[in-house]
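Biologist: Please examine one part of this model closely, and then relate the remaining features in a single connected account.

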Amino acid sequence: MINLNDLVFFVAAVEHGGFAPASRQLGLPKSTLSKRVAELEGALQARLIHRSSRSFTLTDVGRGFYEHARASIIEAQAAQDVVRQRVAEPSGVVRITASVPVAQEQLAPHLPRLAQRFPRLRLQLDVTDRFVDVLQEGYDIAVRSHFAPLPDSELVQRPVRRESVVLVASPGYLEASGEPDAPQALEQHAGLTTGPGAGRWTLAREDAEKETIQVAPQARLIANESQVLRAAAIADLGIACLPESLCRHELADGRLRRVLPGWHAGRVTTTLVMPHRRGQLPGVRAAVDFLVACLGGD
């Protein structure tokens, strides 16, 4: 049976780039660490580290072993925390990444409450529309909004919400231009679209998902940002397709109205993407559970 302490020494040596810096961090002699890692290799009958006076690099086997060893240490610490600190507050850094619309519309209302509930958590939110490699860039949680299913990967995917993209317009626009009574009538109306290539909307019936129709409204304003389209719709410029949550307040207070309420322009899913739950720190788990409750309840 492998000594768990040897895993700690091995992981420390890897993360600090050698036995000397790891020994300073742990307060143990360098020779002790080197000996214990050598004994670990002997027990495994496998070379984990290439050693020389000038280099310290992992073997192929060592790289794979390191990932599992690190996860085992985190899990052991988590198990210890459960016993010793059953009601202790989650703590530590939680790194989250999200696109601009998701951050503005979904996370902004909730992250302050997450920070208030767990004062010892340090939240780091990276807002970017570029593709983010969750594993390589060291994020704990990625919040992704998508129409098509996400590709299979080594990451855990936890869908938390699915909502309709609805057609909306202001009462002023509808009074001036008339209210369409069928999808085909949209082609006589001003459309607020997301791009030159998105001039055709594919609509589906709420009660018959497979029944779809494509329509091409008359482009009045093109913008690849949902808040701009929402503002343009409120300003009586035309009809927009927006996620229902993005215009919920405007629909409630009457600044916008549903157009063709029996139809929608697709479904948007919000998913939390994260490394495998095994090895996940308690602070990250607390953040995930909080976001699932908040976003799923919106």
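**The second largest pocket and the surrounding features**

Modeller: The lining of the second largest pocket comprises 27 nonpolar, 14 polar and 9 charged residues (nonpolar being Ala, Val, Leu, Ile, Met, Phe, Trp, Tyr, Cys and Pro, charged Asp, Glu, Lys and Arg, and polar the others, Gly among them). The model is predicted, so local features need pLDDT of at least 70 and side-chain atom pairs count only at pLDDT 80 or more, whereas totals for chains, interfaces and linings use all residues. Residues are numbered from 1 along each chain as its sequence is written, and side-chain values use heavy atoms, with hydrogens and water left out.

The second largest pocket holds about 1,200 Å³ of space. Its lining is made of 50 residues, among which S99, P101, S145, H146 and F147 are the closest to its centre. A pocket here is an open set of points on a 1 Å grid over the protein atoms alone where a 1.4 Å probe fits, with protein on both sides within 12 Å along at least five of seven lines, and lining residues have an atom within 4 Å of a point. Points are joined across faces, edges and corners, and the volume is the space filled by probe spheres set on them.

The next topic is helix packing. The axes of helix 1 (residues 4-15) and helix 2 (residues 19-26) come within 8 Å and cross at roughly 120°, and the crossing is right-handed. F9, A12 and A13 of helix 1 meet F19, A22 and L26 of helix 2, and this contact has 6 nonpolar, no polar and no charged residues. Helix 1 also packs against helix 3 (residues 30-44), at about 115° with the axes 9 Å apart, in a left-handed crossing. Here N5, D6, L7, F9 and F10 of helix 1 face L33, R36, V37 and L40 of helix 3, a contact of 6 nonpolar, 1 polar and 2 charged residues.

As to the terms, helices (H or I, at least four residues) and strands (E, at least two) are DSSP runs numbered from the N terminus, and contact means heavy atoms within 4.5 Å. Axes are lines fitted to C-alpha atoms, for helices over the stretch in contact, and angles run from 0 to 180 degrees between N-to-C directions. A crossing is left-handed if the near helix is turned anticlockwise from the far one by less than a right angle, and right-handed if clockwise.

I49, in strand 1 (residues 49-51), is in contact with F10, F19, V37, E41, F56, T57, L58 and T59, not counting residues up to four places away in sequence. I49 is buried, because its relative accessible area is 0% (buried means under 20%, exposed over 50%, partly exposed in between, with a 1.4 Å probe and protein chains only). The C-alpha atoms of I49 and D60, 11 residues apart along the chain, are separated by 9.1 Å.

A216 lies between strand 9 (208-215) and strand 10 (218-222) and is partly exposed at 25%. Leaving aside neighbours within four places in sequence, A216 is in contact with E187, G199 and R200. The C-alpha atoms of A216 and R205, 11 residues apart along the chain, are 17 Å from each other. L260, between strand 12 (257-259) and strand 13 (263-264), has a positive phi of about 50° although it is not a glycine, and L260 is buried at 7%.
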